[in-house]
Amino acid sequence: MSAVWALSRAAARRRRLQTTVIGIVTFVSAITIVVALELFSASSAPFEHAFAQQQGAELVAAFDKAKVTDAQLVATGARPGVTASAGPFPQVTVDISQPSGAGPSRLPSVPPGPLTVVGRPSPGGRLDRVDLWSGHWPTGAGQVVVNRAPGGPSPVGSVIELSDGQSLAVVGAAYSVSQSAGAWVTPAEADALGAKESEMLYRFADATTSDQLRSDLTSVTGGLAPGALAGSRSYLTLERQYSTSVAQAYVPFLFAFGILALVVAVMMVANVVSGTVVAGLRHIGIMKAVGYTPGQVGAVYLLMILIPGAVATLVGTLAGTLVSKPLLSTATQGLGLPAPSVSPWLDVVVLAGLPVLVALAALASARRAKRLPAARAITAGAAPSAGHGLRAQRALASTALPRAVSLGLGLPFARPARTALTVATLALGVTAVTFAAGLTSSVIRYGQLQQRTSSVQVTAAVRHNGRSLLVVSAASDQRTAELLASLPGTRTLTAELQTVGELVGPNVRIDLDFLRGDTSSLGYPIVNGHWINGPGQAVVGPGFLKDHDLAVGDRVTLTMGGAPATVTIVGETWSYDPSGLMADWHTASVLDPGRGATRYEIGLRPGTNLASYIARANRADPSVMVQANGGLNGDEQLIPDFSTLFTVLLAIVAALGVLNTVLLTIRERRRDLGMLKSIGMTPRQVTVMMVTSATALGLIGSLIGVPAGITVHRVVVPAMVHATNAVLPSSLLDVWTAGLIAALALSGVVIAAVGAFVPARNAGRLRVAAVLHNE
Amino acid sequence: MSTEQPPVQVVVSLDTVVKEYGATTALAGVSLEIAAGESVAVMGPSGCGKSTLLNMIAGLDRPTSGSVIVQGEDLGHLNETGLCLFRRRRVGMIFQFFNLLDDLPALDNAAIAAQLTGVSATQARRRALELFDELGIADRRDTYPALLSGGERQRVAVARALMNRPSLMLADEPTGALDSHSAEQVMDLLIDLNQIGQTLVVVTHDEHLATRCASRVVRLSDGKMVGEQSVEQLL
Ligand SMILES: Nc1ncnc2c1ncn2[C@@H]1O[C@H](COP(=O)(O)OP(=O)(O)O)[C@@H](O)[C@H]1O
Ligand SMILES: [Mg+2]
């Protein structure tokens, strides 16, 4: 074994550049893989993940303090089927008043209206370990921690005013995935606020279906005084809400990026490793002539590559863990969930897996070398197979190209296997860059489609003021509409009445949205049928059609308590939305005459300043809250961030792959290069020759990689959209402009040229005497 | 596996060895016997199959047909690993272009051959240093091959070939890449080796080298043996 170890250690040490390249490629790949895997584990089931992490409560129940004692409640934790419980915690519902001093543009830290406040001694405990992401837990009277997803400005320092005149100072912000409270105070403060209920939190042995949860609830409440249970909520409700939310739609995008990064990183490592072995043929031949057995030859190459590979894996895994922490918290902020912790077992997987991968790549390519008789291995390294290259090189020589360029273009033909490997590296890199660019455009469009920001830029919502059902008079609606329409900058104005009603027949509650004005300006993409263009027409999402077994063209009857109205479903929008129906204004006046709009969506004239328009609108009509529609907010910014990170990492890896190939080519062709220089080729010409040959390969890589990237995009994007149950609007796929494609094609050439430049320049500087002396 | 050796010791025995590379026939049925202590020169024009013949004897490649028996060992019966183990102990080989391992300093290039047979690194270096001393390159022991002169490199290669006291020494144009002075030195070295009983096969197209080193000259042309002479006949 000592002969094996001695040679592999010497080789790893002496071939500094090669060792460095293997090290860096493995290092960058380890980072990419760790981030990708962390992303996987965080995005594969974000709700379940966060819920498990917080030891979320599967059932949150409120009991009437007058009907049940604390001791009785504690005893419910021992009922059959209960695996864990927490509480009782005093609970009170307070009424938040409209903040007095806040200007119209400032959002209150807690919206006005009812707020459930729970008295808890600490954020931890057996269940519902809430994520206290800002400030501290209440320590005395008058202090409150509000329940809010992390991200955005901290509300700490603001004051909540209650309608009875009391006020609470916000000392912290925490997030409960179980949504066990709107805010928390100390138990004593909850009692002081007049707590009449007790909150209990439970986890059960069987709680995967709503039927199981119903029987769990029966088991918990059995034997208590009638009416003791004031209310309860199962986590399945939250899970359902979450899974249909906009944020959930980003999960597949994150997932796709993770897979891409993983595949490319793995292939790049394999590529660089096999390149090293292919280039080592002559070396392998000598080793065999000296008496190294095939197994020992394999072992030398394995160790030679594993020494830098293992070190780089270790460092890269650590770096990846550090990088993924902030990235992950950004990711889950976008999802409205607390930051998941980095999973140490993923690090272990990478630490063990990557060296194995490196080893497999080395072994796979060493197999060929191992089987080759020693005599042939020695000559294979010394002379390129003639034939192949000769004709191409002669043809190139007779062109009008500068000799350095035509020689450079001929080089790849001399070594078809090496060339194929380099082209594969480049094609992979370009595929990744192309896919990332396409995905980024698609995601930005996806966000625009969700928020319709290219059609309507501003929303004015009538202030709610804590009322549960908002009823606006027709007169006030007319006043507001006229006012908003008259503002300079308003191009289109659509009024909407958002309310709830019932679908006659199945008798289910649905969300109704009646539209008035130039409704086509709202910019809802229609994937089937057409947009509303007359009275008695409605548009719904695919979820609605599926749930009620309807199709475009069908008629449904609606009611809001009074007279029913029948509408025809004339179109299908793309987003899933199982419970919403949009209809024309005429239908609203049939169902409930005299009701005014609760919301206005405004399209601005080009060139209008968004911020000053919003400020002016808010001043003009204090009864509405005017806000910008989205823009690139946290969710959408996340995807470009990730895609940029991965694209940069993958481009680096691809460039290093090229660098490695050029390096190996030069090592092997030192004699030719020395000879060319001896007959008068200048260092510059040598550099041009080597860069030219890499650039030509870059172009081929682009020709393969760009279509491949587009193909992957065409497969992945629809799959991701379908995963959210939405219908794919074709505009998500039509992101490829000629300019973008040209830029991407250039990326392969640039990656190749950058990767080739350093070794090519070194080749130019090779001293002829040294080179020729060596052979 | 080694069988009882016959009284007249035949070290190498080739029987109608044919080697084809695709359409090229490098060896067209060569039969040859070499006895212990002999020194044989293989001569012929470039491309006639000299290196191929040597590679067959060294087990660096396999014949298309025919048998190669070295020291009673039928190479046709050995797998790749078996051939490596055979080469390690039985054969020392030197090449026109030295074929040293660039990553190791001179001394380790030689020592590694002994290390492969299980000798400890310290012991292997000691033996290598003895040989370096005899070959007059002890002061170059820590130099990497890239910085050695051709003659020095070939002497490192000779040291490497001698490390395991091979019963057979094969040299493929050992002076072909050397200046006349270095060539002379390497030639002397080979002659000395043969004088102390080392069986030697030297490929060369240098008549001078052949007459000085060899007791017998084998001539090849187009892969066939076209003549065999003792050196006495030559002179
Ligand atoms: N690995 C190989 N692949 C194909 N042909 C080979 C190979 N090695 C040698 N040859 C061919 O076999 C013939 C004999 O070669 P070789 O033994 O090297 O000749 P010599 O050493 O006498 O100059 C030549 O025609 C040569 O081209
Ligand atoms: Mg030859």
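Two strands are taken as paired if DSSP finds at least two bridges between them, strands (E, at least two residues) and helices (H or I, at least four) being DSSP runs numbered from the N terminus. The structure is a predicted model, in which local features need pLDDT of at least 70 and side-chain atom pairs count only at pLDDT 80 or more, whereas totals for chains, interfaces and linings use all residues. Residues are numbered from 1 along each chain as its sequence is written.

In chain B, strand 7 (residues 168–172) and strand 8 (residues 199–203) run parallel and are joined by 5 bridges; B:Asp172 has B:Val203 of strand 8 as its bridge partner. Both strands belong to an open sheet of 6 strands in chain B, ordered 6-7-8-3-9-10, with mixed pairing. Strand 6 (91–94) and strand 10 (224–230) of chain B each have a single partner strand and stand at the edges, so one side of each lacks a neighbour in the sheet.

Between chain B and chain A, 31 residues of chain B are in contact with 31 residues of chain A (heavy atoms within 4.5 Å). The area buried between the two chains is about 2,600 Å², 58% of it from carbon and sulfur atoms (accessible area, 1.4 Å probe, lost on being put together and summed over both parts). B:Leu101, B:Asp103 and B:Leu116 supply 23% of the area that chain B buries against chain A, more than any other three residues. A:Arg15 forms a salt bridge with B:Asp103, with the closest N and O atoms 2.8 Å apart (a side-chain nitrogen of Lys or Arg within 4 Å of a carboxyl oxygen of Asp or Glu). Helix 2 of chain B gives the largest share of the side that touches chain A, 6 residues.

Definitions and conventions:
Chains lettered and ligands numbered in written order. Heavy atoms only, no water.
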